Amino acid sequence: AMSVVLITGAARGIGAATAREAVRRGHRVALADIDMAGASLLATALGSAACAVELDIRDEDAWQAAFDTVAARLGPVEVLINNAGIIHTGYARQLSMAEHRHMVDVNLVGPMTGMMTALPRMRAQGRGHIITICSMSSFMPLIGYTSYGATKHALRAFHHSVAIEEQGGPVTFSIIHPPGTRTPMLEQEMAEKRLAQNAASE
(Lines give C-alpha, C1' and ligand atoms only; values in the text may rest on other atoms or scores of the structure.)
Protein backbone atom coordinates (compact mmCIF):
# COMPACT_ATOMS: atom_id res chain seq x y z
CA ALA A 1 0.00 0.00 0.00
CA MET A 2 1.14 3.54 -0.72
CA SER A 3 2.37 5.56 2.26
CA VAL A 4 3.34 9.16 2.85
CA VAL A 5 6.93 9.06 4.11
CA LEU A 6 8.93 11.91 5.67
CA ILE A 7 12.72 11.39 5.61
CA THR A 8 15.11 13.70 7.46
CA GLY A 9 18.58 14.32 6.06
CA ALA A 10 17.14 13.38 2.67
CA ALA A 11 19.39 15.58 0.50
CA ARG A 12 22.28 13.11 0.49
CA GLY A 13 23.67 9.84 1.78
CA ILE A 14 21.39 7.20 3.28
CA GLY A 15 18.45 9.63 3.32
CA ALA A 16 18.67 10.31 -0.42
CA ALA A 17 19.07 6.60 -1.24
CA THR A 18 16.05 5.81 0.94
CA ALA A 19 13.99 8.53 -0.78
CA ARG A 20 14.83 7.16 -4.23
CA GLU A 21 13.86 3.62 -3.22
CA ALA A 22 10.63 4.74 -1.52
CA VAL A 23 9.50 6.63 -4.64
CA ARG A 24 10.46 3.63 -6.81
CA ARG A 25 8.18 1.48 -4.64
CA GLY A 26 5.25 3.84 -5.16
CA HIS A 27 5.29 5.90 -1.97
CA ARG A 28 4.87 9.67 -1.69
CA VAL A 29 7.99 11.09 -0.10
CA ALA A 30 8.81 14.34 1.70
CA LEU A 31 12.53 15.11 1.57
CA ALA A 32 13.29 17.09 4.72
CA ASP A 33 16.70 18.68 5.11
CA ILE A 34 18.43 21.76 6.48
CA ASP A 35 19.95 21.92 2.97
CA MET A 36 16.83 23.03 1.07
CA ALA A 37 18.73 23.42 -2.22
CA GLY A 38 19.95 19.82 -2.10
CA ALA A 39 16.53 18.48 -1.09
CA SER A 40 14.79 20.48 -3.85
CA LEU A 41 17.22 19.21 -6.48
CA LEU A 42 16.51 15.58 -5.55
CA ALA A 43 12.74 16.16 -5.21
CA THR A 44 12.66 17.61 -8.75
CA ALA A 45 14.56 14.57 -10.06
CA LEU A 46 12.12 12.21 -8.30
CA GLY A 47 9.03 13.87 -9.79
CA SER A 48 5.50 14.54 -8.54
CA ALA A 49 5.61 11.84 -5.82
CA ALA A 50 8.28 13.85 -3.96
CA CYS A 51 8.47 17.26 -2.34
CA ALA A 52 11.21 19.10 -0.47
CA VAL A 53 10.68 20.55 3.00
CA GLU A 54 13.16 22.78 4.83
CA LEU A 55 13.73 21.39 8.32
CA ASP A 56 16.25 22.02 11.07
CA ILE A 57 15.48 18.98 13.23
CA ARG A 58 16.58 20.87 16.37
CA ASP A 59 13.60 23.26 15.96
CA GLU A 60 10.30 22.12 17.52
CA ASP A 61 8.17 24.64 15.61
CA ALA A 62 9.87 23.69 12.32
CA TRP A 63 8.83 20.05 12.91
CA GLN A 64 5.18 21.03 13.39
CA ALA A 65 5.31 23.21 10.27
CA ALA A 66 6.95 20.42 8.25
CA PHE A 67 4.22 17.92 9.21
CA ASP A 68 1.54 20.48 8.28
CA THR A 69 3.23 21.27 4.94
CA VAL A 70 3.54 17.60 4.03
CA ALA A 71 -0.09 16.95 5.02
CA ALA A 72 -1.21 19.75 2.70
CA ARG A 73 0.97 18.66 -0.23
CA LEU A 74 1.12 14.84 -0.06
CA GLY A 75 -1.23 13.80 2.76
CA PRO A 76 -0.69 13.13 6.48
CA VAL A 77 2.69 11.60 7.33
CA GLU A 78 2.33 7.85 7.91
CA VAL A 79 6.02 6.92 8.10
CA LEU A 80 8.73 9.04 9.75
CA ILE A 81 12.33 8.09 9.00
CA ASN A 82 14.63 9.88 11.46
CA ASN A 83 17.86 9.71 9.49
CA ALA A 84 19.58 13.11 9.76
CA GLY A 85 22.79 13.18 11.79
CA ILE A 86 26.15 14.93 12.02
CA ILE A 87 29.60 14.01 13.22
CA HIS A 88 32.72 15.74 14.50
CA THR A 89 35.49 13.17 14.89
CA GLY A 90 38.53 13.41 17.11
CA TYR A 91 39.51 12.63 20.69
CA ALA A 92 36.97 14.04 23.15
CA ARG A 93 39.56 16.48 24.50
CA GLN A 94 40.26 17.78 20.98
CA LEU A 95 36.65 18.82 20.36
CA SER A 96 35.09 22.03 21.63
CA MET A 97 32.07 21.84 23.91
CA ALA A 98 30.15 23.48 21.07
CA GLU A 99 31.00 20.50 18.82
CA HIS A 100 29.96 18.00 21.52
CA ARG A 101 26.69 19.89 22.04
CA HIS A 102 26.07 20.14 18.27
CA MET A 103 26.09 16.33 18.02
CA VAL A 104 23.76 15.96 21.02
CA ASP A 105 21.32 18.54 19.64
CA VAL A 106 21.21 17.06 16.12
CA ASN A 107 21.68 13.32 16.74
CA LEU A 108 19.62 12.94 19.92
CA VAL A 109 17.33 15.93 20.55
CA GLY A 110 16.51 16.15 16.82
CA PRO A 111 15.09 12.62 16.44
CA MET A 112 13.42 12.86 19.87
CA THR A 113 11.62 16.01 18.72
CA GLY A 114 10.60 14.27 15.50
CA MET A 115 9.19 11.29 17.39
CA MET A 116 7.31 13.54 19.80
CA THR A 117 5.87 15.50 16.85
CA ALA A 118 4.86 12.34 14.98
CA LEU A 119 3.47 10.32 17.87
CA PRO A 120 0.36 12.34 18.82
CA ARG A 121 -0.50 12.88 15.14
CA MET A 122 -0.07 9.20 14.26
CA ARG A 123 -2.06 8.09 17.31
CA ALA A 124 -4.87 10.47 16.33
CA GLN A 125 -4.96 9.20 12.74
CA GLY A 126 -4.91 5.59 13.96
CA ARG A 127 -1.75 4.50 12.16
CA GLY A 128 1.92 5.30 11.77
CA HIS A 129 5.40 3.86 11.68
CA ILE A 130 8.52 5.51 13.13
CA ILE A 131 11.91 4.37 11.86
CA THR A 132 15.09 5.40 13.69
CA ILE A 133 18.32 5.26 11.72
CA CYS A 134 20.73 4.71 14.60
CA SER A 135 24.25 3.25 14.35
CA MET A 136 26.41 0.26 15.19
CA SER A 137 28.23 2.75 17.44
CA SER A 138 25.19 2.58 19.75
CA PHE A 139 26.59 -0.75 21.01
CA MET A 140 30.27 0.01 21.60
CA PRO A 141 32.76 2.62 22.72
CA LEU A 142 34.88 3.85 19.80
CA ILE A 143 37.98 6.03 19.93
CA GLY A 144 37.34 9.32 18.14
CA TYR A 145 33.57 8.87 18.31
CA THR A 146 32.91 9.63 22.00
CA SER A 147 29.96 12.02 21.75
CA TYR A 148 28.73 10.58 18.46
CA GLY A 149 28.53 7.12 20.05
CA ALA A 150 26.98 8.59 23.19
CA THR A 151 24.18 10.22 21.15
CA LYS A 152 23.53 6.91 19.39
CA HIS A 153 23.51 4.92 22.66
CA ALA A 154 20.97 7.43 24.00
CA LEU A 155 18.89 7.40 20.83
CA ARG A 156 18.69 3.59 20.92
CA ALA A 157 17.55 3.67 24.57
CA PHE A 158 14.94 6.35 23.85
CA HIS A 159 13.59 4.56 20.76
CA HIS A 160 13.15 1.21 22.54
CA SER A 161 11.57 2.77 25.63
CA VAL A 162 9.01 4.70 23.55
CA ALA A 163 8.27 1.58 21.47
CA ILE A 164 7.58 -0.39 24.69
CA GLU A 165 5.34 2.41 26.05
CA GLU A 166 3.34 2.43 22.80
CA GLN A 167 2.91 -1.37 22.55
CA GLY A 168 -0.62 -2.27 21.50
CA GLY A 169 -1.21 1.22 20.10
CA PRO A 170 -1.58 2.18 16.42
CA VAL A 171 2.08 3.24 15.97
CA THR A 172 4.81 0.72 15.18
CA PHE A 173 8.57 1.18 15.48
CA SER A 174 11.75 0.04 13.72
CA ILE A 175 15.38 0.81 14.50
CA ILE A 176 18.20 0.29 12.01
CA HIS A 177 21.91 0.21 12.83
CA PRO A 178 23.97 0.82 9.68
CA PRO A 179 27.66 -0.06 9.80
CA GLY A 180 30.12 2.24 7.98
CA THR A 181 28.35 3.42 4.83
CA ARG A 182 29.92 5.25 1.91
CA THR A 183 28.33 8.68 2.31
CA PRO A 184 29.56 12.29 2.54
CA MET A 185 29.66 11.76 6.34
CA LEU A 186 32.14 8.90 5.91
CA GLU A 187 34.26 11.07 3.57
CA GLN A 188 34.26 13.76 6.30
CA GLU A 189 35.33 11.23 8.96
CA MET A 190 38.21 10.03 6.77
CA ALA A 191 39.35 13.60 6.06
CA GLU A 192 39.22 14.50 9.76
CA LYS A 193 41.18 11.33 10.64
CA ARG A 194 43.90 12.25 8.13
CA LEU A 195 44.11 15.78 9.57
CA ALA A 196 44.36 14.38 13.12
CA GLN A 197 47.07 11.88 12.10
CA ASN A 198 49.06 14.57 10.28
CA ALA A 199 48.83 16.85 13.35
CA ALA A 200 49.98 13.99 15.58
CA SER A 201 52.99 13.17 13.41
CA GLU A 202 54.25 16.76 12.99
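Residues are numbered from 1 along each chain as its sequence is written, and side-chain values use heavy atoms, with hydrogens and water left out. Because the model is predicted, local features need pLDDT of at least 70 and side-chain atom pairs count only at pLDDT 80 or more, while totals for chains, interfaces and linings use all residues.

## The nonpolar cores

Let's start inside. A nonpolar core is a set of buried Ala, Val, Leu, Ile, Met, Phe, Trp, Tyr and Cys residues joined through side-chain atoms within 4.5 Å. Buried means under 20% relative accessible area, exposed means over 50%, and partly exposed lies in between (1.4 Å probe, protein chains only).

Which residues have the most contacts inside the largest nonpolar core? They are Leu6, Val70, Ile130 and Phe173, in a core of 27 residues. Elements that give two or more residues to this core include strand 1 (4-8), helix 3 (60-73), helix 4 (97-125) and strand 6 (171-176). Helices (H or I, at least four residues) and strands (E, at least two) are DSSP runs, numbered from the N terminus.

A second, separate core has 19 residues, among them Ile7, Val23, Val29 and Leu46.

Not counting residues up to four places away in sequence, Val70 touches Val4, Leu6, Ala30, Val53, Gly75 and Val77. Contact here means heavy atoms within 4.5 Å.

## Strands 2 and 3

Strand 2, helix 2 (residues 36-46) and strand 3 form a right-handed β-α-β unit. The crossover is called right-handed if, with the strands pointing away from the viewer, the path from the first strand over the helix to the second runs clockwise. Strands 2 and 3 run parallel and are joined by five bridges; two strands pair if DSSP finds at least two bridges between them. Alanine 32 has valine 53 of strand 3 as its bridge partner. Is strand 3 mostly covered or mostly open? Mostly covered, as four of its five residues are buried.

## Threonine 172

Threonine 172 belongs to strand 6. With 42% relative accessibility, threonine 172 counts as partly exposed. Beyond its neighbours within four places in sequence, threonine 172 is in contact with Gly128, His129 and Ile130. From threonine 172 to arginine 12 is 26 Å, C-alpha to C-alpha, and the two are 160 residues apart in sequence.

## Salt bridges

Side chains of opposite charge can pair when their charged atoms come close. A salt bridge is a side-chain nitrogen of Lys or Arg within 4 Å of a carboxyl oxygen of Asp or Glu. The whole structure holds seven salt bridges, including these:

| Salt bridge | N to O distance |
|---|---|
| Arginine 24 and glutamate 21 | 2.8 Å |
| Aspartate 56 and arginine 58 | 3.0 Å |
| Glutamate 78 and arginine 127 | 2.9 Å |

Glutamate 78 is in the loop between helix 3 and strand 4 (79-82), and arginine 127 is in the loop between helix 4 and strand 5 (128-133), so this pair ties together parts that are 49 residues apart in sequence. Glutamate 78 counts as buried at 13% relative accessibility, whereas arginine 127 counts as partly exposed at 42%.

Arginine 24 and glutamate 21 both sit in helix 1 (residues 13-24), three residues apart, about one turn of the helix. Arginine 24 is exposed, with a relative accessible area of 62%. A network of salt bridges links Glu21, Arg24 and Arg25.
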